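Subject: Structure handover and notes

Hello,

Here is the structure I said I would pass on.

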Amino acid sequence: MQTKVMRANLIRHVRENYLFNADDHVIVALSGGADSLHLVTWLTDGNLPADLQPQVSVVYVNHQLRDDAQDEEQLVRNWLTDHAQQIEHSAVVPIEWDNRPTTGVEEVAREKRYAILYEKAHEWGATKILTAHHQDDQVETIFFKLIRGGQISQLKGMQEQQVRDGIELVRPFLTLRKADLHLLVDQPITEFIEDSTNLDESYARNKIRRTILPELRELNAGFDQHLLSEIAQFSALETIAQPLIDQAVSKMETGEFDWKQPEEQIVLYLQAWLAKAQLYSFKQRQLRQVIQLMRNQSVNAGEVKLNDETKIVRRGKQILLKK
């Protein structure tokens, strides 16, 4: 894609979807990697139209999980020093691990990182947080969720815009390929840190990124677009079905629901009901246990434990969530 065309298309996309404008104060989640450096450079190099140019602040979170973490932090500090005049605020924040988890450490680190980003957004009065996730990341995320299994609603992947704690999280590069990001900046970005753990294919995501997806693209060069198109159709179908889902959830709560409906439909209704309570971590077998409990005409009460803190309780024809 030609540089001018790509830049113009992205500017139009930002404007048409209200991703940000000159009234915004945005925080860039800077990692020291190539993608986030392209994002912060694109935002601060003076090439954005005046009506879109936001105030830009930067937050770097050192997870202190890799041997090269200090090298990465020093690179970020050097960048911040060199670009101090273009940045409103900046912060370099280390994560202190009192008790480092033995499993799921990446997910815990991610939650800690976002908590810091939102904390700084409130502290500095920022309106939005921007991350450098791109189309390749989106395809990887969707494919990972597809092979892992779970809720069909989660197959939509990352949202371009979402609100949390009154702050909007925006991913302006989500429609762009990683290979095209260099077209957004005038000078090549040659100094960045490549996460050494990205080479370790014992991690499922790395194997997907480095081996599985390249092979699928070799079989069909249009794989990425086909996958994204199909997921968009799933999302459209969900939107069409949402009024029926909402109606079913309401009837579950009032005891008017017909539990004789097809089991796969009821699973979707239960997922939507739990999503209302911000509950997403559960097993499909637990939902099927709930269905069996509600269909059992020999009992009028019972419960299914979701985790140590939450359970689904039957009370007559109603289901309740108890913590």
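This is a predicted model: local features need pLDDT of at least 70, side-chain atom pairs count only at pLDDT 80 or more; totals for chains, interfaces and linings use all residues.

Residues are numbered from 1 along each chain as its sequence is written, and side-chain values use heavy atoms, with hydrogens and water left out.

Helices (H or I, at least four residues) and strands (E, at least two) are DSSP runs, numbered from the N terminus. An open sheet is formed by 6 strands in the order 3-2-1-4-6-5, and its pairing is mixed; two strands pair if DSSP finds at least two bridges between them. Strand 3 and strand 5 are at the edges with a single partner strand each, so one side of each has no neighbour in the sheet. On average, neighbouring strands of this sheet are turned by 25 degrees against each other, direction ignored. Strand 5 and strand 6 run antiparallel and are joined by 4 bridges. Within this pair, Gln 161 stands opposite Val 170 in strand 6.

Helix 3 (residues 69-82) packs on the sheet and touches strand 1, strand 2 and strand 3, where contact means heavy atoms within 4.5 Å. The direction of helix 3 makes about 165 degrees with that of strand 2. For these angles, axes are lines fitted to C-alpha atoms, for helices over the stretch in contact, and the values run from 0 to 180 degrees between N-to-C directions.

Helix 4 lies across strand 1, strand 2, strand 3, strand 4, strand 5 and strand 6, at about 145 degrees to strand 2. The 20 residues of helix 4 (residues 105-124) should span 28 Å at 1.5 Å a residue, and the end C-alpha atoms are 29 Å apart, which agrees; the expected span is 1.5 Å times one less than the number of residues. The buried residues of helix 4 are Val 105, Ala 109, Tyr 114, Ile 116, Leu 117, Tyr 118, Lys 120, Ala 121 and Trp 124. Here buried means under 20% relative accessible area, exposed over 50%, and partly exposed in between (1.4 Å probe, protein chains only). Strands that these buried residues pack against include strand 4 (128-130) and strand 5 (161-164).

A second open sheet has 3 strands in the order 7-8-9, paired antiparallel. Strand 7 (301-305) and strand 9 (318-322) are the edge strands, each with a single partner strand, so one side of each is left without a neighbour in the sheet.

Strand 7 and strand 8 pair over 5 bridges, and Gly 302 has Arg 314 in strand 8 as its bridge partner. These two strands form a hairpin with 5 residues between them. Strand 8 (residues 311-315) also pairs with strand 9 over 5 bridges. In that pair, Ile 312 has Leu 321 as its bridge partner, and Lys 311 stands opposite Lys 322. The hairpin of strand 8 and strand 9 has 2 residues between the strands, and Gly 316 in the turn has a positive phi of about 70 degrees. Helix 8 lies across strand 8 and strand 9, at about 40 degrees to strand 9. Helix 9 (residues 284-295) packs on the sheet, touching strand 7, strand 8 and strand 9, and its direction makes about 175 degrees with that of strand 7.

Helix 7 and helix 8

How do the axes of helix 7 and helix 8 cross? The axes of helix 7 (residues 223-254) and helix 8 (residues 263-276) come within 9 Å and cross at roughly 80 degrees. The two helices are therefore roughly perpendicular (65 to 115 degrees; under 35 is roughly parallel, over 145 roughly antiparallel, and the rest oblique). Among the residues that meet are Leu 244, Ile 245 and Met 252 in helix 7, and Tyr 269, Leu 270 and Trp 273 in helix 8. The residues of this contact divide into 10 nonpolar, no polar and 2 charged. Ala, Val, Leu, Ile, Met, Phe, Trp, Tyr, Cys and Pro count as nonpolar, Asp, Glu, Lys and Arg as charged, and the others, Gly among them, as polar.

Thr 41

Thr 41 lies in helix 2 (residues 34-44) and counts as buried at 17% relative accessibility. Not counting residues up to four places away in sequence, Thr 41 touches Trp 79, Val 185 and Ile 189. Thr 41 and Gln 187 are 146 residues apart in sequence and 9.5 Å apart in space, C-alpha to C-alpha.

Regards
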